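Visitor: I have a fold open on my screen and I'd like to learn how to read it. Could you walk me through it, one feature at a time?

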Amino acid sequence: YAPHSPRDNGLPNTFWYIVGSILAQLSYRVVSSFRFSKRLNLFTGVLQLLDINIFFECYASVNSKKGDGTLQLRWIRKMESVLESAPQALIQLIYVQQLSSSNDLSLFVQLSLLGSILS
C-alpha cells in the first residue's frame, strides 16, 4: 500500500511510515558511527553505532572541570537532531496531515507530535 492510500477503515496505511521511521534511525546510526570512527577511532564508532557512546560522553561531561558538555557530546546531540529527530518529526507531520483529512486526530497523536517537534 502507498502511504497516502486509505485502508478499508478510512485510516492511512502505517507500514510506510514505520519503514521511513526505521530508515531515519538507521541513517543516523550509520552516519554518526562512520563520522566518529573516522574522527576518533573504530571502537568509538562501534560504541556510537550501538548508542553506548552517549553514556561515556555524558559521564565525561559531568566530570569535566567546566561543567559544560564535551565537544563530542554536543556533536552527538546536533547529529541526532539533524539526522534522526527532524526526519521523525517530518514523518509524524505527514501522518497527522493524512489523519486530519479523516478527522480522527486523537489527543495522543497531537501530544506525540508536539513532543517530537519540541525535542
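Guide: Let's start with the term helix: helices (H or I, at least four residues) and strands (E, at least two) are DSSP runs, numbered from the N terminus. Met79, for one, lies in helix H4. Bear in mind that this is a predicted model, where local features need pLDDT of at least 70, side-chain atom pairs count only at pLDDT 80 or more, and totals for chains, interfaces and linings use all residues. Residues are numbered from 1 along each chain as its sequence is written, and side-chain values use heavy atoms, with hydrogens and water left out.

Visitor: How many helices and strands does the protein chain have?

Guide: Five helices and zero strands. Along the sequence the pattern reads α-α-α-α-α.

Visitor: How do I read the span of a helix, say H4?

Guide: You compare it with an expected span, which is 1.5 Å times one less than the number of residues. H4 covers residues 71-100, so 30 residues, and its first and last C-alpha are 41 Å apart, close to the 44 Å expected. H1, with 25 residues, reaches 36 Å, close to the expected 36 Å.

Visitor: Where is the kink in H4 centred?

Guide: A bend at a residue is the angle between axes fitted to the seven residues ending there and the seven starting there. In H4 the kink is centred on Ser81 and comes to about 40°.

Visitor: Is Met79 buried or exposed?

Guide: Buried means under 20% relative accessible area, exposed over 50%, and partly exposed in between (1.4 Å probe, protein chains only). Met79 counts as buried because its relative accessibility is 11%. Other buried residues of H4 include Leu73, Trp75, Ile76 and Leu99. In the protein chain, buried residues make up 27% of the 119 residues.

Visitor: Which helices do the buried residues of H4 pack against?

Guide: That one rests on contact, meaning heavy atoms within 4.5 Å. The buried residues of H4 pack against H1 (15-39), H2 (42-49), H3 (53-62) and H5 (107-118). Seen from H1, the buried residues include Tyr17, Tyr28 and Phe36, and their cover includes H2, H3 and H4.

Visitor: And which residues does Met79 touch?

Guide: Leaving aside neighbours within four places in sequence, Met79 is in contact with Tyr28, Val31, Ser32, Arg35 and Glu84. Take Tyr28: it is 51 residues from Met79 in sequence, yet their C-alpha atoms are 7.5 Å apart. For the protein chain, among contacts between residues at least 6 apart in sequence, 47% join residues at least 24 apart.

Visitor: What about aromatic pairs?

Guide: Rings of Phe, Tyr and Trp (its six-membered ring) pair if their centres lie within 6.5 Å; planes under 30 degrees apart are stacked, over 60 edge-to-face, and the rest tilted. The whole structure holds two such pairs. One of them joins Phe15 and Trp16 edge-to-face, with 4.9 Å between centres and 80° between planes. Phe15 is partly exposed at 47% relative accessibility, and Trp16 is partly exposed at 41%.

Visitor: Which residue lies over the face of Trp75?

Guide: A charge sits over a ring if NZ of Lys or CZ of Arg is within 6 Å of the ring centre and within 35 degrees of the ring normal. Here Arg39 lies over Trp75, 4.7 Å from the ring centre.

Visitor: What is the phi of Asp51?

Guide: Most residues other than glycine have a negative phi. Asp51 is not a glycine, but its phi is positive, about 65°. You'll find Asp51 in the loop between H2 and H3, partly exposed at 28%.
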